[in-house]
Amino acid sequence: MDKPRCPIDGAPMHRDERPVTLSYRGLEETVILPGWYCSECGESVHNGEEMKISDRALRNLKAKDSGVFLPETIRAIRTHLKLSQVRASELIGGGPRSFQKYESGEIAPSQAICRMLYLLAKHPEMIQELQALHSFSDISDEELFAAG
Ligand SMILES: [Zn+2]
């Protein structure tokens, strides 16, 4: 592959890995970002795979800012519960393919989903209660508070 030239000044670019600091609403995260870097001005060019590194860091900053679980934590809880992404979406909610989206960082989970996951992580046996659940509308109070 030919070495690209800098889009700013036309100088040759070189493969390198450099620390890049991303910031979001006062939070910062530094990642080591591979790419083509200009020897003159420091301009850089990145392919799709390389951009994913900075995209992931930015999503993590957004998750930290809104106080929700990070994608890798959601994956860890789901696998701890021995659920597929599809089954987790069915049992815990958030819409079809919600867990695939949370774990890829495509969308952030709601506070309600995070609180549910927090409780399930602490009490994984409670997933059985959700497995047995069909509809909230036909549960009687007696059934709801039985053996509570
Ligand atoms: Zn340059």
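Helices here are DSSP runs of H or I with at least four residues, strands are DSSP runs of E with at least two, and both are numbered from the N terminus. With that settled, hello everyone, and let me walk you through this protein.

What you have is a predicted model, where local features need pLDDT of at least 70, side-chain atom pairs count only at pLDDT 80 or more, and totals for chains, interfaces and linings use all residues. Residues are numbered from 1 along each chain as its sequence is written.

How confident is the predictor? pLDDT is its confidence in each residue, from 0 to 100. The mean pLDDT of the protein is 92, and 98% of its residues reach 70 or more.

Now the overall layout. The protein has three strands and seven helices, and along the sequence they read β-β-β-α-α-α-α-α-α-α. The radius of gyration, taken over C-alpha atoms, is compared here with a globule rule of 2.2 Å times the number of residues to the power 0.38. For 148 residues that rule gives 15 Å, and the protein comes out at 22 Å, well over it, so it is more spread out than a compact globule. Along the principal axes, the C-alpha atoms fill a box of roughly 75 × 35 × 25 Å.

The domain assignment, which may be automatic or from a database, gives domain 1 (13-66) and domain 2 (71-134). Taken over C-alpha atoms, the centres of domain 1 and domain 2 are separated by 29 Å.

Next, burial. We call a residue buried if 20 or more other C-beta atoms lie within 10 Å of its own, exposed if 12 or fewer, and partly exposed in between, with C-beta atoms placed from the backbone. Of the 148 residues, 16% count as buried.

For contacts, the C-beta atoms of two residues, placed from the backbone, must lie within 7 Å. Leaving aside neighbours within four places in sequence, Leu 117 touches Phe 69, Ile 74 and Ile 77 in that sense.

Over to the strands. Val 20 is found in strand E1 (residues 13-24). Is Val 20 buried, exposed or partly exposed? Val 20 counts as partly exposed, because it has 16 C-beta neighbours inside 10 Å. Beyond neighbours within four places in sequence, Val 20 is in contact with Thr 30, Val 31, Leu 33 and Ser 54.

Finally, two arginines to look at on your screens. Most residues other than glycine have a negative phi. Arg 25, in the loop between E1 and strand E2 (27-38), has a positive phi of about 45°. Arg 25 is exposed, with 9 other C-beta atoms within 10 Å. Arg 97 is found in the loop between H3 and H4, and its phi is also positive, near 65°. Arg 97 is partly exposed, as 14 other C-beta atoms lie within 10 Å.

Conventions: pLDDT is the predictor's confidence in each residue, from 0 to 100.
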